[in-house]
Amino acid sequence: TMNACAQNAPKEVTDAFSKKYASAKDVKWEMEDDGIWEVEFHINSGEFSAEYTSSGEWIQTENEIKVAALPENIKKLIKADFSGFEIEEAEQVETPHYKGFEVELEKGDHKIEVVYDEAGKIMKKTSKTEE
């Protein structure tokens, strides 16, 4: 099923993916604007997305989790650092450098995306205001 869904992702990319996620189902590839290959797939009942360079180097994997499933230390940090913001979405994130959590926060038309490592250190933060 892998090759049927591969949408022209380079062999290096599909091989690297198959090696890392041998049990993946419903695999869908898409080339991002920045030349990164994104693949969406299922393992058991989980929905995942992963990113690879065109040479097959794994960048990261994310899977959506319920906000309630966020660890208490992360929830406390969000409450302290982003008072008044609601957690809209939560994802578990894994990169070659760390494992952690990405949260999308919202207060009115202000959105913030924050990535924490498991210890609670902010790895990345982006902010935008909706027009």
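This briefing describes the sheet, the helix packing, the nonpolar cores and the salt bridges of one structure. The model is predicted. Its strands form an open sheet of eight, in the order β1-β2-β3-β4-β5-β6-β7-β8, with antiparallel pairing. The edge strands, each pairing on one side only, are β1 (25-31) and β8 (122-129).

**Sheet and helix packing**

- Neighbouring strands of the sheet are turned against each other by 20° on average, with direction ignored.
- Within the sheet, strand β2 (residues 37-43) pairs with strand β3 (residues 46-52) in the antiparallel sense over seven bridges, and H42 stands opposite E47 in β3.

**Nonpolar cores**

- The largest nonpolar core has 14 residues, of which F17, Y21, W29, V39, F41 and Y52 touch the most other members.
- The elements that give two or more residues to this core are α1 (11-20), β1, β2 and β3, and the largest share, four residues, comes from β2.
- Leaving aside neighbours within four places in sequence, Y21 is in contact with F41, I43, Y52, W58 and T61.
- A second, separate core of 13 residues includes L70, F101, I112 and Y116.

**Salt bridges**

- The structure holds four salt bridges, one of which joins the side chains of D15 and K11 at 2.8 Å, N to O.
- Both D15 and K11 lie in helix α1, four residues apart, which is about one turn of the helix; with a relative accessibility of 37%, D15 counts as partly exposed, whereas K11, with a relative accessible area of 57%, is exposed.
- In helix α2, K75 forms a salt bridge with E72, with the closest N and O atoms 3.3 Å apart; because K75 and E72 are three residues apart in this helix, they are separated by about one helical turn.
- K75 has a relative accessibility of 24% and therefore counts as partly exposed.
- The side chains of K111 and E106 also meet in a salt bridge, at 2.6 Å, N to O.
- K111 has a relative accessible area of 15% and so is buried, the cut-off for this class being under 20%, whereas E106, with a relative accessible area of 21%, is partly exposed.
- Salt bridges that share partners join E104, E106 and K111 into one network.

Key
Residues are numbered from 1 along each chain as its sequence is written. This is a predicted model: local features need pLDDT of at least 70, side-chain atom pairs count only at pLDDT 80 or more; totals for chains, interfaces and linings use all residues. Side-chain values use heavy atoms; hydrogens and water are left out. Two strands pair if DSSP finds at least two bridges between them. Axes are lines fitted to C-alpha atoms, for helices over the stretch in contact, and angles run from 0 to 180 degrees between N-to-C directions. A nonpolar core is a set of buried Ala, Val, Leu, Ile, Met, Phe, Trp, Tyr and Cys residues joined through side-chain atoms within 4.5 Å. Buried means under 20% relative accessible area, exposed over 50%, partly exposed in between (1.4 Å probe, protein chains only). Contact means heavy atoms within 4.5 Å.
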